Amino acid sequence: MPDPVVHLVSHPLVQHKLTLLRQKDRSTSSFRRLLHEISMLMAYEVTREMPTQLIDIETPLEAMRSPVIDGKKTVFVVIMRAGSGFLDGMLEVVPGARVGHVGLYRDPRTLGAVEYYFKMPQAMQERDAIVLDPMLATGNSAVAAVERLKETGPRSIRFVCLLAAPEGLARFHARHPEVPVYTAAIDRQLNDHGYIVPGLGDAGDRLFGTK
Ligand code: URA
């Protein structure tokens, strides 16, 4: 088995917007807009190896064969609730994609993931799944979501987050070594409450203004 792959999305635009997003006094609307913009930029990275096929078209000057992607073969899998903050930007770039949802909450005592919702499109065997969750913290939700997703047999799986903790990355790849992770940063560590530090706080609360 080859080594697990982590793609660090180091593009200056992503890094700049991530810095703004981390700032504690940022408003809910500004946080939401920045996450939207970053997700569009990260969609560009995560779809880099997407298969294309040649179709016949005509330019104003002549006929040619030119590549297109089959967006319908992509399924964005949102880990609720913060994952939905990543979705709209991704859909702007791949509008034909299908969307699946996994509902997991974090048991505050054990920090373990508990499932309350799971809905995927039909014919997952023909689709490439891109799992979305801004924060790869303990890794518990990511591990559980990908485990459930694998039961539907997608053609491939990728995982996209904004921030990862080293502990979460290690736990995730211990269980799913073949799933590449795309992240804009790997922060220092988790704190005692399972938050990423320095991090950006609770992504769901900041996205939805619930705190
Ligand atoms: N979830 C968050 O929203 N933030 C963290 O730092 C960890 C998990």
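Below are my entries, in the order I looked things up, and I keep in mind that this is a predicted model.

**Entry: pocket**

I began with the largest pocket and got about 620 Å³ of space for it. I then asked which residues lie nearest its centre. They are A82, R106, D133, S141 and D202, out of 28 residues in the lining. Several elements give two or more residues to that lining: strands β4 (74–80), β5 (98–106) and β8 (135–136), plus helices α4 (140–151) and α6 (203–208). I also sorted the lining by residue type and found 15 nonpolar, 9 polar and 4 charged.

**Entry: nonpolar patch**

Next I looked over the surface. I55, I57, M64 and V68 form a nonpolar patch there, with about 260 Å² of accessible area together. Strands β2 (52–58) and β3 (63–69) each give two or more residues to the patch. I checked I55 on its own: it sits in strand β2, and its relative accessibility of 31% makes it partly exposed.

**Entry: backbone**

Then the backbone. Most residues other than glycine have a negative phi, and most peptide bonds are trans. So which bonds are cis here? R81 lies in the loop between β4 and α3 (84–93). Another is the bond from V197 to P198, also cis with omega near 0°. I place P198 in the loop between β14 (196–197) and α6.

For phi, I noted A123, which is not a glycine but has a positive phi of about 50°. A123 belongs to the loop between β6 (113–119) and β7 (128–132), and at 30% relative accessible area it is partly exposed.

**Entry: P180**

I also stopped at P180, in the loop between α5 (166–175) and β11 (181–183). Is P180 buried or exposed? Its relative accessibility is 16%, under the 20% limit, so I count it as buried. From P180 to E45 I get 12 Å, C-alpha to C-alpha, although the two are 135 residues apart in sequence.

**Entry: salt bridges**

Last, the charge pairs. Side chains of opposite charge can pair when their charged atoms come close.

E37 pairs with R33, with the closest N and O atoms 3.3 Å apart. Both lie in helix α2 (residues 28–46), 4 residues apart, which is about one turn of the helix. E37 is partly exposed at 22%, and R33 is partly exposed too, at 45%.

E126 pairs with K73 at 4.0 Å between the closest N and O atoms. E126 is in the loop between β6 and β7 and K73 in the loop between β3 and β4, so this pair ties together parts 53 residues apart in sequence. By relative accessibility both are partly exposed, E126 at 43% and K73 at 27%.

E115 pairs with R148, and their closest N and O atoms are 2.9 Å apart. This pair links distant parts of the chain, since E115 is in strand β6 and R148 in helix α4, 33 residues apart. I get partly exposed for E115 at 36% and for R148 at 24%. Finally, I traced shared partners: salt bridges join K17, R33 and E37 into one network.

Key
Residues are numbered from 1 along each chain as its sequence is written. This is a predicted model: local features need pLDDT of at least 70, side-chain atom pairs count only at pLDDT 80 or more; totals for chains, interfaces and linings use all residues. Side-chain values use heavy atoms; hydrogens and water are left out. On a 1 Å grid over the protein atoms alone, a cavity is a set of points where a 1.4 Å probe fits but cannot get out, and a pocket is an open set with protein on both sides within 12 Å along at least five of seven lines; lining residues have an atom within 4 Å of a point. Grid points are joined across faces, edges and corners, and a volume is the space filled by probe spheres set on the points. Ala, Val, Leu, Ile, Met, Phe, Trp, Tyr, Cys and Pro count as nonpolar, Asp, Glu, Lys and Arg as charged, and the others, Gly among them, as polar. Patches are made of residues with over 30% relative accessible area and no salt bridge: like charges are joined within 9 Å, nonpolar side chains (Val, Leu, Ile, Met, Phe, Trp, Tyr) within 5 Å. Accessible areas come from the Shrake-Rupley method with a 1.4 Å probe; for residues, only the protein chains shown count as cover. A salt bridge is a side-chain nitrogen of Lys or Arg within 4 Å of a carboxyl oxygen of Asp or Glu. Buried means under 20% relative accessible area, exposed over 50%, partly exposed in between (1.4 Å probe, protein chains only).
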